[in-house]
Amino acid sequence: MKFALVVTLTLLGLAFSNQISAERVKYDNYKVYRFIPQTEEERQVLIQLQESNLGVKFWKGVKSVGQPVDVMVPPHVQMDLLPAMTRRENMGVSVFVEDVQKLIDQEALTILKEGRALDWTSYGTLADIYEFLDAQAAAHSDIAEVISIGTSFEGRDLKVLSISKSGNTKPAIWYDATIHAREWISGATCTYIVNELLNSADPAIVQLTVDFDWKIMCVANPDGYVYTHTTDRMWRKTRSNTTSPLGCKGADPNRNWGYQFNTGGSSGLPCDDTYHGTTAFSQVETKAMSDYFNTIADRAVFFLSVHSYSQFILLPYGYSNTRYPDYNEYMRIGNAAKAAIARRYNTQFTVGNIVDLLYPASGGSVDWAKGIHDTSLVLAFELRDTGRYGFILPADQIIPSSLEFLDALLEMVAQLRDRIEAKQQPRSASAELLMPKKA
Ligand code: 0X9
Ligand code: ZN
């Protein structure tokens with residue numbers, strides 16, 4: 001009890017100081033611990049810690065017994081927390097990140113210099129990424145354009161790069177990244193893929209834009225992304241106002257979609273990282289994305305949402321592990337993508353249902369795409385790494401991560417092509433899968 005009180009009070013103080021300070025949030029001597037609960041009781045302890053949610057930030061939420069949980073812990077809590085946790089005999093504890101601020105500082109040295117174009121050896125700001133997208137669209141204006149699908153809470157354009165050699169008649173692929181602001185590798189990989197789609201001479205890559213139209217949103221949460229550059233590298237949510245008297249901002253844009261909204265694995269508390277918002281699509285960003293997807297849903301064959309970290313290929317649903325008719329087909333394609341990734345650098349991804357691999361999480365974008373539109377293929381990715389650097393993946397991994405992800409993309413699209421061909425043969429099972437259902 002005493003322990004809980006001390007932790008609560010110190011963390012409350014921390015929550016306040018973080019909220020009211022307009023300065024950069026610093027993480028000096030914050031450590032990331034990896035806990036591996038060995039019993040249900042130990043798992044419950046972690047859930048309680050997660051629910052306290054004051055200053056201790058879960059980089060990866062509590063899963064099942066035996067599965068790792070990564071928790072970022074402020075220095076003054078480490079002394080209280082660690083003895084309490086390690087008193088539990090079996091709980092595996094190791095330090096994964098010694099000093100979060102050191103990683104952030106190292107990364108800051110590699111942020112793209114002002115006025116330089118993206119080169120995928122450093123992370124770009126939102127301005128860099130938007131400039132790149134605009135320049136690419138201008139240079140390929142016969143087949144590409146940047147569409148503003150709306151405006152973010154803070155008034156920024158929500159940009160989708162549209163690539164179509166067909167006059168928008170071909171099957172379409174939706175691909176979004178950085179819906180969670182701190183997951184920088186997802187946005188960097190996304191611009192790398194855009195560059196390949198528009199500039200590569202490799203026939204296999206050229207074919208990707210011959211057979212499909214692409215709608216690509218490399219920064220789905222621009223306000224949050226800017227905030228990770230200016231103020232808090234560990235920010236996840238949007239930046240909208242909430243009713244919180246503490247002044248907490250933002251909702252989790254991957255808990256805010258309108259299918260099985262608020263049915264578990266999301267929070268009603270505005271200060272939480274998984275706050276689902278007041279209603280489904282309360283966030284202008286998810287509203288704009290879903291409105292736009294509605295306009296292409298009848299020819300969309302793939303809804304792809306890319307996050308980091310953990311190296312997972314995730315199948316819907318996140319609200320429950322309900323199996324659907326094409327579940328095994330999704331597993332097969334996921335496993336083919338996993339094998340394609342491993343071929344290059346032997347990077348190991350794990351394939352499976354969101355609930356089975358992670359935790360229940362309702363209101364996610366892939367649940368909406370699958371549940372409302374039954375888009376032919378719906379997958380979420382969690383890119384590198386498995387926790388050594390977590391969200392602060394060094395920039396020298398942008399290119400390798402992008403190359404292996406491109407391999408996965410080529411494989412998944414090859415699978416889609418097979419299904420389109422199978423569609424020519426009436427009554428085939430695959431053909432059924434490819435026919436989009438009306439909302
Ligand atoms: O919890 C999430 O939203 C994702 N993990 S992350 O660490 N990147 O935040 C998992 C996405 C799974 N998708 C759904 N829950 N629908
Ligand atoms: Zn994410």
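Let's start in a loop: Tyr-317 lies between β10 (312–315) and α10, where helices (H or I, at least four residues) and strands (E, at least two) are DSSP runs numbered from the N terminus. The peptide bond leading from Pro-316 into Tyr-317 is cis, with omega near 0 degrees.

This is a predicted model, in which local features need pLDDT of at least 70 and side-chain atom pairs count only at pLDDT 80 or more, while totals for chains, interfaces and linings use all residues. Residues are numbered from 1 along each chain as its sequence is written, chains are lettered from A and ligands numbered from 1 in the order in which they are written, and side-chain values use heavy atoms, with hydrogens and water left out.

**Backbone features in loops**

A cis peptide bond also runs from Arg-384 to Asp-385, with omega near -5 degrees. Asp-385 sits in the loop between β12 (377–383) and α13. The table gathers the backbone angles of this section.

| Residue or bond | Angle |
|---|---|
| Pro-316 to Tyr-317 | omega near 0 degrees |
| Arg-384 to Asp-385 | omega near -5 degrees |
| Phe-281 | phi near 60 degrees |

Asn-168 counts as partly exposed because its relative accessibility is 34%; buried means under 20% relative accessible area, exposed over 50%, and partly exposed in between (1.4 Å probe, protein chains only). Phe-281, likewise a residue other than glycine with positive phi, belongs to the loop between α8 and α9 (284–296).

Asn-256 is found in that loop between α8 and α9 too. With 0% relative accessibility, Asn-256 counts as buried. Leaving aside residues up to four places away in sequence, Asn-256 touches several residues, including Phe-261, His-276, Phe-281, Thr-286 and Gly-363, contact meaning heavy atoms within 4.5 Å. The C-alpha atoms of Asn-256 and Gly-187 are separated by 20 Å, the two residues being 69 apart along the chain.

**Two helix pairs**

Helix α5 (residues 126–139) and helix α8 (residues 222–230) have axes that come within 9 Å and cross at roughly 130 degrees; axes are lines fitted to C-alpha atoms, for helices over the stretch in contact, and angles run from 0 to 180 degrees between N-to-C directions. Leu-126, Ile-129 and Tyr-130 of α5 meet Pro-222, Tyr-225 and Val-226 of α8. This contact of α5 with α8 involves 6 nonpolar, no polar and no charged residues.

Helix α10 (residues 327–345) packs with helix α13 (residues 398–424) at about 145 degrees, their axes 8 Å apart. Among the residues meeting there are Glu-329, Arg-332 and Ala-336 in α10 and Pro-400, Leu-403 and Arg-419 in α13.

Notes:
Nonpolar A, V, L, I, M, F, W, Y, C, P; charged D, E, K, R; others polar.
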